[in-house]
Amino acid sequence: MTFQNTREFAQQLDKQDELNHYRNEFLFPQHNGKNVIYFTGNSLGLQPKRTKQYVDEVMNDWSSLAVEGHFYAEKPWWDYHERFANPLSKLVGAKPSEVTVMNTLTVNLHLLMVSFYRPTKTRYKIICEEKAFPSDQYMFQSQVHFHGYKPEDAIVEIKRREGEHNIRLEDVLAKINEVGDELALVLIGGVNYYTGQVFDMKTITEAGHKAGAIVGFDLAHAAGNIKLELHEWNIDFAAWCSYKYMNSGPGNASGCFIHEKHHANKDLSRFGGWWAQNKERRFLMEPKFDPIVGANGWQVSNLPILSLAPYLASVEMFAEVGMEKLIRKRNQITSYLEFILHEIDKDIEGTEFEIITPTNQEERACQLSVFLHGQGRSLFDYLMKNGVITDWREPNVIRLAPVPFYCSYEDMYDFGQILKQGILTVK
Ligand SMILES: *Cc1c(COP(=O)(O)O)cnc(C)c1O
């Protein structure tokens, strides 16, 4: 499609957009009486209007039923998390028994590493990406320490080549080969949080397995954003947060995937708790730990129903629409945003910014990271003051996520005009 940088053209695209009405299902912060242009759904998704109803239901059941709510609530609490299995497994390409919700992302990755990072004297190295999300870096360091190894020896980072912004797949594969027999675990982000680069998880998983390692992914920026086939790709384990693309609210619960092939393995170490206990016998309060066969066998505590409620609202919304439609719009709106950025760049003398996200559609999803030259920080501030919410990452990057659920093509056009004005103002 040939794009045009005009309001009429953007409005035309909105008219043709089959998801356009979903915009009305979300609550937007207001700026001068209008919805802001929201580009930070990769950091905290907007609140769906239907969420409140899900939370109110729990509040009402709590007030009228108290402890009886565990069994007699509208949606009983004792197995509330099982409502996620069907819709969530579809979203991430898993079997219902392979997914669960619990805790928060870093906590879940730690718990999964208890099972899937079992270093030995000869095979103890972890491959991750250079400049992984800080929480992941701290996790790797502390896990390696915990097992008595040295981070500088045990953690192997895949680097970007000099002058390049993204990691090449061939370099990931070469590193896996190079570490070879010493490799215990490959654990990288399915979508890089900084650049928005999407990794070829299937190929990386194959290579990791060939080297005799376990392969897991941090899907913080992938869940609800890209097409995932976790089961088919034979990934060992994965976890994601739900407050980014999945719109479940600040700091909310995480989702986990554990491949079926590991479910019955009683030799895997894990940190137990009563919510993992055989469901039929859980309330018999017996001393012997007999974990559920399936991802629920990694549960620890009884679940925070008040925080699962917004997550359920969101998962049901995703199930209603399906990833295909979201991905179709995502590709088009991201390309339109890219086009607008290039148009603005052409209109202005000198190079003001550079898009560091891959241009290839296969290697990117709902995010363009823009490296600002010159007055980056003041431009960012200008945008915020003018109703455009983006985020700032050191040293000079703003990240733009045109989330297909609630961003419009007209937003992209308006953003372009504000950006242009901003560049001319702060210059
Ligand atoms: C957002 C994000 C996290 C956040 O972790 P929490 O435990 O939810 O605070 C972790 N890893 C990556 C890659 C992220 O993008």
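A polar contact is a pair of N or O atoms within 3.5 Å. The model shown in these views is predicted.

**View 1**
An oxygen atom of the ligand lies 2.5 Å from an N or O atom in the side chain of threonine 106. For tyrosine 243, the distance from a ligand oxygen to a side-chain N or O atom is also 2.5 Å, and for histidine 221 the corresponding distance is 3.2 Å. The ligand taken alone exposes 390 Å², of which the protein buries 83%.

**View 1. The shell of residues around the ligand.**
Leu105, Thr106, Phe133, Asp136, Tyr193, Asp218, Ala220, His221, Tyr243 and Lys244 surround the ligand. By class, five residues of this shell are nonpolar, two are polar and three are charged.

The strands follow the order 6-12-11-10-9-7-8, with mixed pairing. Strand 6 (99-102) and strand 8 (155-158) are at the edges and have a single partner strand each, so one side of each lacks a neighbour in the sheet. On average, neighbouring strands of the sheet are turned by 20° against each other, direction ignored.

**View 2. Strands 7 and 8, with helix 8.**
Strand 7 (residues 125-129) runs parallel to strand 8 and is joined to it by four bridges. Cysteine 128 stands opposite glutamate 157 of strand 8. Helix 8 (residues 169-179) lies across strand 7, strand 8 and strand 9 (183-189). The helix runs at about 155° to strand 8.

Definitions and conventions:
Residues numbered from 1 in each chain as written. Predicted model: local features only at pLDDT ≥ 70, side-chain atom pairs only at ≥ 80, totals over all residues. Heavy atoms only, no water. Near = heavy atom within 4 Å. Polar contact = N/O pair within 3.5 Å; in protein donor to acceptor, adjacent residues only side chain to side chain. Areas by Shrake-Rupley, 256 points an atom, 1.4 Å probe, with all protein chains shown as cover. Nonpolar A, V, L, I, M, F, W, Y, C, P; charged D, E, K, R; others polar. Pairing = 2+ DSSP bridges. Helix = DSSP H or I, 4+ residues; strand = E, 2+ residues; numbered from the N terminus. Axes fitted to C-alpha atoms, helices over the stretch in contact; angles between N-to-C directions. Contact = heavy atoms within 4.5 Å.
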